[in-house]
Amino acid sequence: MAMEKLMHAVRYHGYDGGPSALKHEQVPIPTPNKDEVLIKVEASSINPFDWKVQKGMLWPILPPKLPYIPGVDVAGEVVEVGSGVIKFKPGDKVVAAVNILNGGALAEFAVIKESVTASRPPEMPASECAGLSVAGLTAYQALQSAGIKLDGSSERKNILVTAASGGVGHYAVQLAKLGNTHVTATCGARNLKLVKSLGADEVIDYKTPDGAALKSTSGKKYDAVIHCAMGIPWSTFEPNLSSNGKVIDVTPSASALMTFAIKKLTFSKKQLVPLFLNPRGENLQCLVDLVKNGKLKTVIDSKYPLNKVEEAWARSVDGHATGKIIVEL
Ligand SMILES: NC(=O)c1ccc[n+]([C@@H]2O[C@H](COP(=O)([O-])OP(=O)(O)OC[C@H]3O[C@@H](n4cnc5c(N)ncnc54)[C@H](OP(=O)(O)O)[C@@H]3O)[C@@H](O)[C@H]2O)c1
């Protein structure tokens, strides 16, 4: 019998346990199905999703089987393709999103469907695009949901981005500016300059009274809020929205889902729209192309090698990343 080839992977064997429950193990290299590519991972990044799943906070989303290799974001090189794959061949540099039901980005190799894989130029560093698959795509789809076209062809809107210094928020500010909008953004005092440099027109410190009330300095009402922070109630958004204003909520809580239902049922013009990422290769390709053309950049909070992934995980749990936490292989 042929010996199975092994790889270094990070796995956890039970729920909760935090960073110290991450184990470094040798596991078989996965085999791509017909519609999948096998990617040698060059970089990944940690998302709050990763540790929220480990904690069981996103129930009913749970790893279907344990042990589980966490991680969704992948930037790497294709080493093998399934028989039905047409767009990619071994040697291609790519960016891709792992199917969360299978898991698998925090390992030397990952199998990913062709349909959620995008090409990147060989000269684009993996660390510059490893944050796009979850945080970038979430920002992209939130702006789509707000009716903002990235070619700037949509009517000019006033946008608020909350937690604009975070992974999703820092991409959302840049994409919103491509979409011909006036952007107000919230972040902590230490990141005001950075968020301004990403293109925001007004930046407010979320720890000041006006920041906590989400009030634009120039008195603007928001046509859309890309809401990436947590725990802000509808009553705080409501007075700041224009008559048809929408809150696109990327962190919907149970009470946010209730608000969504009530606003829908009462035909309210002001709406709350929960957003759940739906990874798509063509959206990811748009983001990679924007990076290639110098129109979108990744702010890197920190970089860790795979053997220090526990530190990267703890940094994300802490909730104070500025931009993306990158894991390099
Ligand atoms: N629905 C989906 O499909 C989906 C997809 C992706 C992400 N998400 C969720 O979206 C949220 C954001 O994700 P992320 O990757 O951007 O997180 P992140 O990078 O960990 O966000 C951290 C940043 O948020 C800032 N922040 C925290 N609370 C804030 C507040 N009240 N006002 C302004 N800034 C605040 C922090 O600033 P300080 O350090 O100054 O406090 C920090 O810079 C997470 O809850 C994540 O689970 C959902």
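The buried residues of α4 are G167, V168, G169, H170, Y171, A172, V173, Q174, L175 and A176, where a residue counts as buried if 20 or more other C-beta atoms lie within 10 Å of its own, as exposed if 12 or fewer do, and as partly exposed in between, with C-beta atoms placed from the backbone. The model is a predicted one, in which local features need pLDDT of at least 70 and side-chain atom pairs count only at pLDDT 80 or more, while totals for chains, interfaces and linings use all residues. Residues are numbered from 1 along each chain as its sequence is written.

Helix α4 is thus mostly covered, with ten of its twelve residues buried. Helices (H or I, at least four residues) and strands (E, at least two) are DSSP runs numbered from the N terminus. The cover over the buried residues of α4 includes α3, β8 (157-161), β9, α5 (192-197), β11 (222-227) and β15 (324-328), with contact meaning that the C-beta atoms of two residues, placed from the backbone, lie within 7 Å.

|---|---|---|---|---|

**The ligand shell**

The ligand is surrounded by 32 residues, of which the closest are G166, G167, G188, L277 and H320; a residue is near a molecule if its C-beta atom, placed from the backbone, lies within 6 Å of it. At least two residues of this shell are supplied by each of α1 (48-54), α3 (132-145), α4 (167-178) and β9 (181-187). By class, the shell holds 16 nonpolar residues, 15 polar residues and one charged residue, with Ala, Val, Leu, Ile, Met, Phe, Trp, Tyr, Cys and Pro counted as nonpolar, Asp, Glu, Lys and Arg as charged, and the others, Gly among them, as polar. Domain 1 (6-131 + 298-328) and domain 2 (135-274) each contribute at least three residues to the shell.

**Chain and domains**

The protein chain has ten helices and 15 strands. Its radius of gyration is 20 Å, close to the 20 Å that the globule rule gives for 329 residues, so the chain is as compact as a globular protein of that length; the radius is taken over C-alpha atoms, and the rule is 2.2 Å times the number of residues to the power 0.38. Taken along the principal axes, the C-alpha atoms fill a box of roughly 70 × 40 × 40 Å. Buried residues account for 46% of the 329 residues, and of the contacts with a separation of 6 or more, 67% join residues 24 or more positions apart.

The domain assignment gives domain 1 (6-131 + 298-328) and domain 2 (135-274), with bounds that come from an automatic or database assignment. The C-alpha centres of domain 1 and domain 2 lie 28 Å apart. Their contact takes seven residues from domain 1 and eight residues from domain 2, and the side of domain 1 that touches domain 2 has two nonpolar, four polar and one charged residues.

**Loops and backbone details**

The peptide bond from L66 to P67 is cis, with omega near -5°, and P67 lies in the loop between α1 and β4 (73-81). In the loop between α6 (209-212) and β11 lies L214, a residue other than glycine with a positive phi, near 65°; L214 is buried, with 22 other C-beta atoms within 10 Å. F267, also a residue other than glycine, has a positive phi near 55° and is placed in the loop between α8 and β13 (271-274), where F267 is exposed, with 7 other C-beta atoms within 10 Å.

K220 is placed in the loop between α6 and β11 and counts as partly exposed, with 17 C-beta neighbours inside 10 Å. Leaving aside neighbours within four places in sequence, K220 is in contact with N158, H182 and T184. K220 and G84 are 136 residues apart in sequence, and their C-alpha atoms are 51 Å apart in space.
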